[in-house]
Amino acid sequence: MMGFLTILASLLMLPVLAEAWRRPMTRARQAKAPGDIAQLPQGPTHYRWAGREGDPVVVCIHGISPPSFIFAATERSLVALGFRVLSYDLYGRGYSARVRGTQDIGFFRAQLEALLADQKVTGPVTLLGFSMGGQICAAFAARDDRVKRLILVAPSGLIEGGGPGRLWTAPVLGDWMTRVFGGVMLRRELIEHKSLATVIPDFEDRQAAETQMRGYLPALLSSRRHVLEVSAHDDHRKVADRDIPVLAIWGTEDPVVPQRALGALARLNPNVTHVEVKGAGHTLLQTHPSEVAAALRDCLTD
């Protein structure tokens, strides 16, 4: 009996020990970040600007797992088109703070609102969101009059499924599995996709390093539960009612946000302009930057 209790206690302690073993996000690490750190009410947020002051502003919001470095090629394309680009790390990712609490849409809207206020962005803005970032963009645009245009790249929140299995998001068990095995599973997935051509040659290594940071995996779990599993349909209807121009870019071979998501968005907002990138998967920002750049050029220079 004592042996069983000892094993049980050890299993229960594994998530705590695994998370404690990971490296914390410190001020020293943030001081080395490319860009700057904004001291926002919820916690420090890493951001960077690209382009010339005075040019129209585009704000880029990344997805659930890769931080803002995923926009490396996208930033260059937008700057070449005459835009000033603001990219930032969502809480729990990159160089931003590991903020406790539920990571739902309201949580991320508050971070974006605070960053725009800190950076004194008061005029019209274009929001560009990738995957979960697209869901955040739609929620913000549905409520904020500053948004003049939306660009959604493989946006989440349109269909059920496509995310992790139910065990990974289940209460208690999901927390245990994420903290103990989440990093291993994500790194294994990165290895499987390492053969894909990408404009970020060290992408897999940088993404794998994220799993070694304290607070990263719990942030992913909270976002999966409270953003990815929540429908964005109402927000897209409000965007349609506001008559905000929307460009949606999709990969035809995307296993995460499959083709039926396009149909769902088309029904919610018939005025969306859709561009399909043939042969592209979910990582089309890295693997098909030329096609994404062409879609942006056609949309933003019309």
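Is R52 buried or exposed? The first view answers this for a predicted model.

**View 1. R52 forms a salt bridge with D55.** R52 is exposed, with a relative accessible area of 59%. Side chains of opposite charge can pair when their charged atoms come close.

**View 2. E75 forms a salt bridge with R48.** The closest N and O atoms are 3.1 Å apart. E75 sits in helix α3 (residues 72-80), and R48 in strand β2 (residues 43-50). The pair links distant parts of the chain, 27 residues apart. Both E75 and R48 are buried.

**View 3. R242 and D145 form a salt bridge between two loops.** Here the closest N and O atoms are 2.7 Å apart. R242 lies in the loop between α10 (233-241) and β7 (246-251). D145 lies in the loop between α5 and β6 (147-153). The pair therefore ties together parts that are 97 residues apart in sequence. R242 is partly exposed, at 34% relative accessibility. D145 is exposed, with a relative accessible area of 69%.

**View 4. E113, D144 and R146 belong to one network.** Salt bridges that share partners join these residues. The count for the model comes to 10 salt bridges.

**View 5. Helix α4 packs against helix α5.** Helix α4 covers residues 105-118, and α5 covers residues 132-141. Their axes are 10 Å apart, at an angle of about 75°. That makes α4 roughly perpendicular to α5. Residues in the contact include F108 and L112 of α4, with I136 and F140 of α5. The contact residues divide into eight nonpolar, one polar and two charged.

Key:
Residues are numbered from 1 along each chain as its sequence is written. This is a predicted model: local features need pLDDT of at least 70, side-chain atom pairs count only at pLDDT 80 or more; totals for chains, interfaces and linings use all residues. Side-chain values use heavy atoms; hydrogens and water are left out. Axes are lines fitted to C-alpha atoms, for helices over the stretch in contact, and angles run from 0 to 180 degrees between N-to-C directions. Helices (H or I, at least four residues) and strands (E, at least two) are DSSP runs, numbered from the N terminus. Angles under 35 degrees count as roughly parallel, over 145 as roughly antiparallel, 65 to 115 as roughly perpendicular and the rest as oblique. Contact means heavy atoms within 4.5 Å. Ala, Val, Leu, Ile, Met, Phe, Trp, Tyr, Cys and Pro count as nonpolar, Asp, Glu, Lys and Arg as charged, and the others, Gly among them, as polar. A salt bridge is a side-chain nitrogen of Lys or Arg within 4 Å of a carboxyl oxygen of Asp or Glu. Buried means under 20% relative accessible area, exposed over 50%, partly exposed in between (1.4 Å probe, protein chains only).
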